[in-house]
Amino acid sequence: MDLALEILIILFIELPIIMLFYKKKRRGNALGCAIMINLITWSIVHIIKLSTDFNLNYVEVGVVIFEAIALLIYTKCGWRKGFSMSVIANIASFFLLKLINIDPDMFKTASNIIIH
């Protein structure tokens, strides 16, 4: 799957889940923090994925812990709320990305496709 498409899918899955944990007044701050945290962790995961042979399931556990701590610090929520958000959002995105198999070639423009 194309990397840009993957981060978009992750954000579309995880952000609404995280926003459900906050009241309307604090959703903007939580949304901004979640976007920043996801961009950082997504970048780190792909550096690890491309440069090492680590088991990505263990890396995902590290992502859950890092995102939970970051949410805890930046949104000033309790540790239960931070870990709950991180676990639920990351499990959802992890399994949905495993189920979704999108070929980046299907987004080719019409000018690139030769019809016989």
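Me: Which helix gives the largest share of the nonpolar patch?

Reply: That is helix 3, which contributes six residues to the nonpolar patch. Please keep in mind that this is a predicted model.

Me: Which residues form that nonpolar patch on the surface?

Reply: The patch is formed by M36, I40, I44, V61, I65, F66, I69, I73, Y74, W79 and F83, and together they have about 1,000 Å² of accessible area. Helix 2 (27-51), helix 3 (56-75) and helix 4 (79-99) are the elements that give two or more residues to it.

Me: Why is I69 called partly exposed?

Reply: I69, a residue of helix 3, has a relative accessible area of 39%. Buried means under 20% and exposed means over 50%, with partly exposed in between. The value of 39% falls between those limits, so I69 counts as partly exposed.

Me: Thanks! Stepping back, how many helices and strands are there in the protein?

Reply: There are four helices and zero strands. Read along the sequence, the pattern is α-α-α-α.

Me: And how much of the protein counts as buried?

Reply: Of its 116 residues, 34% count as buried. The accessible surface comes to about 8,000 Å², and carbon and sulfur atoms account for 69% of that surface.

Me: What share of the contacts between residues at least 6 apart in sequence join residues at least 24 apart?

Reply: The share is 69%.

Me: How do you know that the reach of helix 4 is close to the expected one?

Reply: Helix 4 has 21 residues, and from its first C-alpha to its last it reaches 30 Å. The expected value, at 1.5 Å a residue, is 30 Å.

Me: Which residues of helix 4 are buried?

Reply: They are G82, M85, S86, A89, N90, S93 and L97. These residues cover an arc of only 105° around the axis, which puts them on the same side of helix 4. As a general point, an α-helix has 3.6 residues a turn, so residues three or four places apart point the same way.

Me: What covers the buried residues of helix 4, and which exposed residues are on the face turned away from them?

Reply: The cover includes helix 1 (3-19) and helix 3. On the face turned away from the buried side, helix 4 carries the exposed residues R80, F95, K98 and L99.

Me: What makes A89 a buried residue?

Reply: A89, placed in helix 4, has a relative accessible area of 0%. Buried means under 20%. A value of 0% is under that limit, so A89 counts as buried.

Me: Which residues does A89 touch, apart from those up to four places away in sequence?

Reply: A89 touches E14, I17 and I18. A89 and I17 are 72 residues apart in sequence, yet their C-alpha atoms are 5.9 Å apart in space.

Me: What can you tell me about the reach and the buried residues of helix 2?

Reply: Helix 2 has 25 residues and reaches 36 Å from its first C-alpha to its last, close to the 36 Å expected at 1.5 Å a residue. Its buried residues are A30, C33, A34, I37, N38, T41, W42, V45 and H46, and they pack against helix 1 and helix 3.

Me: Which helices do the buried residues of helix 3 pack against?

Reply: They pack against helix 1, helix 2 and helix 4. The buried residues in question are V59, E60, V63, V64, E67, A68, A70, L71 and T75. Helix 3 itself has 20 residues and reaches 27 Å from first C-alpha to last, close to the 28 Å expected at 1.5 Å a residue.

Me: Where is R26 found, and what is it in contact with beyond its neighbours within four places in sequence?

Reply: R26 is found in the loop between helix 1 and helix 2, and it is in contact with T75 and K76. The C-alpha atoms of R26 and T75 are separated by 8.6 Å, although the two residues are 49 apart along the chain.

Me: Why does K76 count as exposed?

Reply: K76, in the loop between helix 3 and helix 4, has 67% relative accessibility. Exposed means over 50%. Since 67% is over that limit, K76 counts as exposed.

Me: What is the phi of K76?

Reply: Phi of K76 is near 55°, which is a positive value in a residue other than glycine. In general, most residues other than glycine have a negative phi.

Conventions. Residues are numbered from 1 along each chain as its sequence is written. This is a predicted model: local features need pLDDT of at least 70, side-chain atom pairs count only at pLDDT 80 or more; totals for chains, interfaces and linings use all residues. Side-chain values use heavy atoms; hydrogens and water are left out. Patches are made of residues with over 30% relative accessible area and no salt bridge: like charges are joined within 9 Å, nonpolar side chains (Val, Leu, Ile, Met, Phe, Trp, Tyr) within 5 Å. Accessible areas come from the Shrake-Rupley method with a 1.4 Å probe; for residues, only the protein chains shown count as cover. A salt bridge is a side-chain nitrogen of Lys or Arg within 4 Å of a carboxyl oxygen of Asp or Glu. Buried means under 20% relative accessible area, exposed over 50%, partly exposed in between (1.4 Å probe, protein chains only). Contact means heavy atoms within 4.5 Å. The expected span of a helix is 1.5 Å times one less than its number of residues. The arc is that of the directions from the helix axis to the C-beta atoms.
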